[in-house]
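The sequence and structure come first.

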Amino acid sequence: MNDDARWMAAALALAGRTRGRTTPNPNVGCVIVRDGRVVGRGWTQAGGRPHAEAMALGEAGGAARGATAYVTLEPCAHVSTRGPACADLLVVAGVARVVAAIGDPDPRTDGGGFARLRAAGIAVESGVLADAARRSMAGFLTRRALGRPHVTLKLALSLDGAAAMADGRSQWITGAAARAHTHLERSRHDAILVGRGTWEADRPQLDVRLPGLEDRSPPRVVLSAKARHCERSEAIQGPTPHALDRVAPLAMTAPIWITAPHDIAALPADHLFVEGGARTAAAFLRADLADRLLLYRAPILIGGGRTLADFGLTDLADAHGRWALADQRQLGSDRLEVYERA
């Protein structure tokens, strides 16, 4: 990995710190390097401000002059009531070079940030680790391109493909390590969705119970053909002996109820985590709204269990070439496979 890629990888790691918390702004990371040493670091803060560049420049101070700024997205070119344009901040700071991963599709910037930097005599390069940056900011980019959140669909399955027993029970198919990873994924999304059947049968907490990330619990959404609205907050307790799942009753705001998968376009979220169950997963696949699959495979056989419902596939040839393996890892006794749209 060359130096530009190495420093961009560091900026991308910083960008991940607030993924799912910066909507409607993108989660951006910035590293300012001078003479081979980091003099400033920043990442978009929760709520979208300050921007990554502003944070990094504030930390670098005078050391930013003559330095290289590595930023995961083109610096913004528009002035907001919430803060100045990052392209202007970089010009004033006197950086010599800006390396960006991708351009900003926001029409208020869309090349304007690069143009402003070049007009000030700053060298600009883009395209470094572009694919990784698109993956990092998938929610922001999907909202811009398609007008809806980026959807991660999670399924916990047995070796024979069952998502639950015949009577609907699904706690717990996977082990503790896989469930902990699910909590980490929850913390990286703006909202979490389940179907009404899962909501009423399991009464899931749908919060984040990892030490240090408890405040990252996203709002909850319930998909139901006959939507209704809860008039009160609900105290839900998850009964299980494992430490991750032993929680006191927690008062949470009532969930948002929607009637169809396409209703997610109106949610105030750019990263949506769809957790279950099998019919809900099929509904999102049928609507062609799944962008990323998380398949947790447990080394168990259920036999006669509930499998993924029909989602409208009529020709086996159409099933091929739709998904590409992006990651896989062992989580305790379970296996995680991550797929993205091909």
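The entries below follow the salt bridges and the exposure of their residues.

Entry 1. I noted at the outset that the model is predicted. I then looked up the number of salt bridges, and the count comes to 19.

Entry 2. I examined R143 and D270, whose side chains form a salt bridge with an N to O distance of 3.1 Å. I located R143 in helix α6 (residues 138-146) and D270 in the loop between β11 (256-258) and β12 (271-276). The two residues are 127 residues apart, and the pair links distant parts of the chain. I next checked their accessibility. R143 counts as partly exposed because its relative accessibility is 22%, and the limit for buried is under 20%. D270 has a relative accessible area of 3%, so D270 is buried.

Entry 3. I turned to R186 and E275 and found a salt bridge between their side chains, at 2.5 Å from N to O. This pair also links distant parts of the chain, with R186 in helix α7 (residues 176-187) and E275 in strand β12, 89 residues apart. Are R186 and E275 buried or exposed? I recorded both R186 and E275 as buried.

Entry 4. I looked up D327 and R329, which form a salt bridge whose closest N and O atoms are 2.5 Å apart. D327 is partly exposed at 29% relative accessibility. R329, with a relative accessible area of 38%, is partly exposed as well.

Entry 5. Which residues are linked in a network of salt bridges? I listed R148, D288, D291, R322 and R341 as linked in such a network.

Key: Residues numbered from 1 in each chain as written. Predicted model: local features only at pLDDT ≥ 70, side-chain atom pairs only at ≥ 80, totals over all residues. Heavy atoms only, no water. Salt bridge = Lys/Arg side-chain N within 4 Å of Asp/Glu carboxyl O. Helix = DSSP H or I, 4+ residues; strand = E, 2+ residues; numbered from the N terminus. Buried < 20%, exposed > 50% of the residue type's maximum accessible area, 1.4 Å probe, protein only.
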